[in-house]
Amino acid sequence: MRAAAIFGLGCSAKNLRPFQSDASIDWLIEMPAAADQADIILLFGGDGTIHRHLSQLVKLGLPVLVVPAGSGNDFARALGLRRVRDSLAAWQRFCADRDNVRAIDLGVITPLEVAGESSAPHESAPNSVPGTRHYFGSVAGVGLDGEVSRRANALPRWLRGHGGYALTLAPSIFRFAPVEINILTPDEAGCFVTRSSQPTLLAAFANTSTYGGGMKIAPHARMDDGQLDVCVIGGIDPFKLFCMFPTVYFGRHLKIGGVQYFQATRLRVETEIPLDVYADGEFVCRTPIEISVQHSALRIIVHPSQTSF
């Protein structure tokens with residue numbers, strides 16, 4: 001068997017050693033250039049590392065094993081891989097039987113051209129070229145989420161990995177003003193109609209139930225149902241939002257007035273002024289955007305005990 005290993009920030013060959021007990025396996029320490037160069041890819045890192053490699057991983061179509069080693073590991077958590085030993089168990093099962101490979105969905109963000117503007121991207125948003133497809137594995141967000149992600153990414157790595165998102169969210173709640181966000185979904189004829197249009201603090205588009213280090217923003221989200229779960233938090237009073245913040249960790253925020261929740265396979269997000277779009281904790285582009293689902297886009301190795309995700 002041939003295996004490839006990719007290391008995210010702070011990871012090295014030392015992290016690979018527990019997976020190298022079988023001397024018969026040939027290792028490639030880089031991203032394969034073609035699918036015939038490896039039988040499996042091990043990716044050591046967090047949500048951001050996975051996000052940056054998704055396009056190539058989809059193109060290769062090889063099974064991927066995530067080893068959680070980042071400041072945010074929500075994608076791995078959704079696969080039942082909470083610790084390195086969980087990934088090691090998944091690796092051993094794959095080597096023995098290869099029966100723990102599943103196909104999961106990915107979200108796709110596509111920047112749209114703004115009427116009356118050229119297709120050239122804004123200098124502060126070089127990824128916002130209309131028509132460019134950006135994959136994400138966990139959750140994409142617009143509004144408060146973008147502000148929190150930007151501030152959290154500026155924190156030291158060790159702090160980001162120990163509640164950095166939550167620490168940044170609390171003060172940001174009182175500084176971020178609601179913005180008008182229009183979310184449109186296609187009707188039976190394929191024409192986009194308004195689904196949500198209101199002053200909005202946060203709009204999240206989820207492939208996994210959690211993000212930000214365990215915040216259950218979309219408690220009903222599944223990675224294999226061909227749907228994105230959308231959570232829209234309207235212009236709630238900042239103090240009320242601060243008080244409801246702990247409920248997000250348990251998914252209880254859906255019962256609070258001003259929170260809208262629905263599923264969609266395709267939607268558009270429009271704003272009065274361009275807003276930053278973050279996904280998997282990384283900056284992607286700016287609005288307006290279209291978001292869709294690519295069903296069964298990635299072959300992933302799950303923990304042996306994982307029956308659903």
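1. L106 and its strand partner. In this predicted model, L106 is bridged to Q294, a residue of strand β15. The pairing to which this bridge belongs joins β5 (residues 101-111) to β15 (residues 289-301) in the antiparallel sense, with 10 bridges between the two strands.

2. The other neighbour of β5. Strand β6, residues 134-136, also pairs with β5; the sense is antiparallel and there are 3 bridges. Here G107 has F136 as its bridge partner. Strand β5 is mostly covered, as 8 of its 11 residues are buried. In a regular strand, side chains alternate between the two faces of the sheet.

3. E113 sits in the loop between β5 and β6. I289 falls within the residue range of β15 (289-301).

4. S87 in helix α4. This helix covers residues 84-96 and includes S87. S87 has a relative accessible area of 0%, so it is classed as buried; the cut-off for that class is under 20%. A polar atom of the S87 side chain lies 2.7 Å from the backbone oxygen of V66. V66 is also among the residues that S87 touches, leaving aside those up to four places away in sequence; the others are F19, L65, V67, P68 and L81.

5. A nonpolar patch. Which residues make the nonpolar surface patch of about 330 Å²? They are F174, F239 and F242. F242 is located in helix α7, which spans residues 238-244. With a relative accessible area of 35%, F242 is partly exposed; patch membership requires over 30%, so F242 passes that cut-off.

6. The chain overall. The secondary structure consists of 7 helices and 15 strands. The chain has 309 residues, of which 49% count as buried. Taking contacts between residues at least 6 apart in sequence, 70% join residues at least 24 apart.

Notes: Residues numbered from 1 in each chain as written. Predicted model: local features only at pLDDT ≥ 70, side-chain atom pairs only at ≥ 80, totals over all residues. Heavy atoms only, no water. Patch = residues over 30% accessible without salt bridge, like charges linked within 9 Å, V, L, I, M, F, W, Y side chains within 5 Å. Areas by Shrake-Rupley, 256 points an atom, 1.4 Å probe, with all protein chains shown as cover. Salt bridge = Lys/Arg side-chain N within 4 Å of Asp/Glu carboxyl O. Helix = DSSP H or I, 4+ residues; strand = E, 2+ residues; numbered from the N terminus. Buried < 20%, exposed > 50% of the residue type's maximum accessible area, 1.4 Å probe, protein only. Pairing = 2+ DSSP bridges. Polar contact = N/O pair within 3.5 Å; in protein donor to acceptor, adjacent residues only side chain to side chain. Contact = heavy atoms within 4.5 Å.
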